[in-house]
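This report describes the fold, the nonpolar core and the helix packing of the protein shown below. It then turns to individual residues and their surroundings.

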Amino acid sequence: MENFDFSDIPNYKSHYSERGLWKKITNVAKLAGAKVVYSAILLYYVLQDPNVPKADKAKILGALGYFILPLDIVPDFIPGVGYADDLTILMWAIHSVYVNITPEMKERARCNMQQWFFYD
């Protein structure tokens with residue numbers, strides 16, 4: 001990841017679709033882990049907010065598109081590290097758009113996690 005150009009992330013937005021996101025999460029939730037899934041769902045809810053600037057939405061779309069894309073820097077099927085690049089990019093996007101994240105979005109994402117992970 002040290003040579004990865006994070007400014008290229010918005011270019012992955014063409015790979016994003018809402019249907020593709022939920023399909024990917026459903027198919028890989030347990031393998032990808034709670035941090036990856038929570039990050040993707042949180043970004044999804046930020047994306048839904050009409051008050052989020054277009055530049056921030058482009059970052060989110062790119063990060064989610066990268067997550068959906070089956071071809072990664074680190075192939076997803078590699079146990080233990082396959083989703084490390086996805087998590088890095090999702091966390092970069094969260095950091096980049098953090099001012100737009102509300103407590104309500106965090107709560108919605110946390111509640112949505114219960115489909116795949118059991119939390120109180």
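## Tyr45 and its surroundings

Apart from neighbours within four places in sequence, Tyr45 is in contact with Met105, Arg108, Ala109 and Asn112. The model is a predicted one. Tyr45 is found in helix H2. Is Tyr45 buried or exposed? Its relative accessibility is 10%, so Tyr45 counts as buried, the cut-off for this class being under 20%.

Glu104 is 59 residues away from Tyr45 along the chain, yet their C-alpha atoms are separated by 9.4 Å. Thr102 stands 57 residues from Tyr45 in sequence and 9.6 Å from it in space, C-alpha to C-alpha. Thr102 belongs to the loop between H4 and H5. With a relative accessibility of 25%, Thr102 counts as partly exposed, because this class lies between 20% and 50%.

## Overall architecture

The secondary structure of the protein chain consists of five helices and zero strands, which gives the pattern α-α-α-α-α when read along the sequence. The chain has 120 residues, of which 45% count as buried. Its accessible surface amounts to about 6800 Å², and 58% of this belongs to carbon and sulfur atoms. Among contacts between residues at least 6 apart in sequence, 72% join residues at least 24 apart.

In soluble globular proteins, nonpolar side chains tend to be buried together. Here, the largest nonpolar core holds 36 residues, and the members that touch the most others are Leu21, Leu43, Leu64 and Phe67. Two or more residues of this core come from each of helix H1 (18-32), helix H2 (34-48), helix H3 (54-68), helix H4 (84-96) and helix H5 (103-112). Which helix gives the most to this core? H2 does, with ten residues.

Phe67 is in contact with Leu21, Lys24, Ile25, Val28, Val36, Ala40, Tyr83, Asp86 and Leu90, leaving aside neighbours within four places in sequence. One of these partners, Ala40, lies in helix H2. The C-alpha atoms of Ala40 and Phe67 are separated by 8.0 Å, although the two residues are 27 apart along the chain. Ala40 has a relative accessibility of 0% and therefore counts as buried. Beyond residues up to four places away in sequence, Ala40 touches Leu21, Ile25, Leu64, Phe67 and Leu90.

The axes of H2 and H3 come within 10 Å and cross at roughly 145°, and H2 passes H3 in a left-handed crossing. On the H2 side, Val36, Ala40, Leu43, Tyr44, Val46 and Leu47 meet Lys57, Ile60, Leu61, Ala63, Leu64 and Phe67 of H3. By class, this contact has eleven nonpolar, no polar and one charged residues.

H2 also packs with H4, at an angle of about 40° and with the axes 9 Å apart. The crossing of H2 and H4 is left-handed. The contact is formed by Lys35, Val36, Ser39, Ala40, Leu42 and Leu43 of H2 together with Leu87, Leu90, Met91, Ala93 and Ile94 of H4. Its residues divide into nine nonpolar, one polar and one charged.

Trp116 lies in the segment after H5. What is the relative accessible area of Trp116? The value is 11%, so Trp116 is buried. Trp116 touches Trp22, Ile25, Thr26, Ala29, Lys30, Val37 and Ile41, not counting residues up to four places away in sequence.

## C-alpha separations

The residue pairs discussed above are listed here.

| Residue pair | Apart in sequence | C-alpha separation |
|---|---|---|
| Tyr45 and Glu104 | 59 residues | 9.4 Å |
| Thr102 and Tyr45 | 57 residues | 9.6 Å |
| Ala40 and Phe67 | 27 residues | 8.0 Å |

Definitions and conventions: Residues numbered from 1 in each chain as written. Predicted model: local features only at pLDDT ≥ 70, side-chain atom pairs only at ≥ 80, totals over all residues. Heavy atoms only, no water. Core = buried A, V, L, I, M, F, W, Y, C linked by side-chain atoms within 4.5 Å. Buried < 20%, exposed > 50% of the residue type's maximum accessible area, 1.4 Å probe, protein only. Helix = DSSP H or I, 4+ residues; strand = E, 2+ residues; numbered from the N terminus. Contact = heavy atoms within 4.5 Å. Areas by Shrake-Rupley, 256 points an atom, 1.4 Å probe, with all protein chains shown as cover. Axes fitted to C-alpha atoms, helices over the stretch in contact; angles between N-to-C directions. Left-handed = near helix turned anticlockwise from the far one by under 90°. Nonpolar A, V, L, I, M, F, W, Y, C, P; charged D, E, K, R; others polar.
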